[in-house]
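This briefing covers the overall build of one protein and then the surroundings of a single residue.

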Amino acid sequence: MFKVLGVDHIGIAVSDLKETGSFWTEALGLECTGEEVVAEQKVKTSFNPTPNGSEIELLEATADDSPIAKFIAKNNGRGGIQHIALRVDDIEAAIADLQAKGVRMIDTKPRYGAGGASIAFVHPKSSYGVLVELCQHK
Ligand code: ZN
């Protein structure tokens, strides 16, 4: 058994981290607490936490075949919400439990996510078109 603990972050695809990031930091007053290149996912990400602990995660492609580049191309060149991440208490139990319930997983084993979290994506066919990331922080 596992539990969803809350919305960990919302992943937003952007074409330019610096330009679009200023909306979140300057207009909304969030603090950008860091950037990280996640080579495996071909993205550069920035973290913009809100006071309740949920974060806005901005994602810029670092290669033409990045999932973020594909998302923006499919979205007529515009960015937008690419995924929603739910924090879980036990990611391995979550993957096993969801699979037992017939939910299709993109990741059947946890993998490395930005900020050092363990993450796994649910296949959007099983979540009615929404790309859902499960994540567990150590
Ligand atoms: Zn994410």
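**Overview**

Buried residues account for 42% of the 138 residues in the protein. The model is a predicted one. The protein contains three helices and eight strands.

**Fold and dimensions**

- Read from the N terminus, the elements of the protein follow the order β-α-β-β-β-α-β-α-β-β-β.
- The radius of gyration of the protein is 15 Å, which agrees with the value near 14 Å that a compact globule of 138 residues would have.
- Along the principal axes, the C-alpha atoms of the protein occupy a box of roughly 45 × 35 × 25 Å.
- Of the contacts between residues at least 6 apart in sequence, 52% link residues at least 24 apart.

**Thr 45**

- Thr 45 is part of strand β3, which spans residues 43-49.
- Thr 45 counts as buried because its relative accessibility is 0%, and the cut-off for buried is under 20%.
- A polar atom of the Thr 45 side chain is 3.2 Å from the backbone oxygen of Leu 58.
- Leaving aside residues up to four places away in sequence, Thr 45 touches Leu 17, Gly 34, Glu 35, Glu 36, Val 38, Glu 57, Leu 58, Leu 59 and Ala 114.

Notes: Residues are numbered from 1 along each chain as its sequence is written. This is a predicted model: local features need pLDDT of at least 70, side-chain atom pairs count only at pLDDT 80 or more; totals for chains, interfaces and linings use all residues. Side-chain values use heavy atoms; hydrogens and water are left out. Helices (H or I, at least four residues) and strands (E, at least two) are DSSP runs, numbered from the N terminus. The radius of gyration is taken over C-alpha atoms; the globule rule is 2.2 Å times the number of residues to the power 0.38. Buried means under 20% relative accessible area, exposed over 50%, partly exposed in between (1.4 Å probe, protein chains only). Contact means heavy atoms within 4.5 Å. A polar contact is a pair of N or O atoms within 3.5 Å; within protein, one must be able to donate a hydrogen and the other to accept it, and residues adjacent in sequence count only if both atoms are side-chain atoms.
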